Amino acid sequence: MKLNHDLVRSLLLSIESSDNPHGFSPREVNEFIENNDFSKNDIGYTVNKLREARFVTGEATISGDDYYIINPGNLTYDGHEFLDNIRDDGVWKDTKEIASKFSSVSASFLSKIAVGVISEIIKKQIGF
């Protein structure tokens, strides 16, 4: 499966917005699935990749060919840090535009691109 960076960002933003101290609840996961154009398998796959990247505390469980339990948990410190770099819609748009020039990019590379975009915005605002 391919990691969808828009899904990564959307999922991280949704997890962060949860008020549940135990993390993104099953109800919130179901609402996320219903309100987005991503398949349950794409979401489960993304949760597991975010766990591997140490961005979330939860995981998704597979039965047969499908994810049947998706429990993303909470964001880790690294997850918050990554999200902070890609949170702004304008920064995200510019980051994706730059990243599209490459055949593939990692989450850490996306974060570095976003930091570069943010740096350019700051330079323009300060007048450097």
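Surface patches are made of residues with over 30% relative accessible area and no salt bridge, with like charges joined within 9 Å and nonpolar side chains (Val, Leu, Ile, Met, Phe, Trp, Tyr) within 5 Å; a salt bridge places a side-chain nitrogen of Lys or Arg within 4 Å of a carboxyl oxygen of Asp or Glu. The model is predicted, with local features needing pLDDT of at least 70 and side-chain atom pairs pLDDT 80 or more, while totals for chains, interfaces and linings use all residues. Residues are numbered from 1 along each chain, and side-chain values use heavy atoms, leaving out hydrogens and water.

One nonpolar surface patch, of about 250 Å², brings together Ile98, Phe102 and Phe109 (Shrake-Rupley areas, 1.4 Å probe). Phe109 belongs to helix α6, residues 107-126 (helices are DSSP runs of H or I with at least four residues, strands runs of E with at least two). Phe109 is partly exposed at 32% relative accessibility, and Phe102 is likewise partly exposed, at 42% (buried is under 20%, exposed over 50%, partly exposed in between).

Turning to the aromatic rings, three pairs are found in the whole structure (centres within 6.5 Å; planes under 30 degrees apart are stacked, over 60 edge-to-face, the rest tilted). Phe55 and Phe82 are stacked, at 4.9 Å between centres and 15° between planes. This pair links distant parts of the chain, 27 residues apart: Phe55 sits in the loop between α3 and β1, and Phe82 in helix α4. Both residues are buried. The rings of Phe102 and Phe109 are edge-to-face, because their planes stand at 90° with centres 5.4 Å apart.

Strands β1 (residues 59-63) and β2 (residues 66-71) run antiparallel, joined by five bridges (pairing takes at least two DSSP bridges). Ile62 has Tyr67 as its bridge partner. Two residues separate the strands of this hairpin, and Gly64 in the turn has a positive phi of about 70°.

Methods. Buried means under 20% relative accessible area, exposed over 50%, partly exposed in between (1.4 Å probe, protein chains only). Rings of Phe, Tyr and Trp (its six-membered ring) pair if their centres lie within 6.5 Å; planes under 30 degrees apart count as stacked, over 60 as edge-to-face and the rest as tilted.
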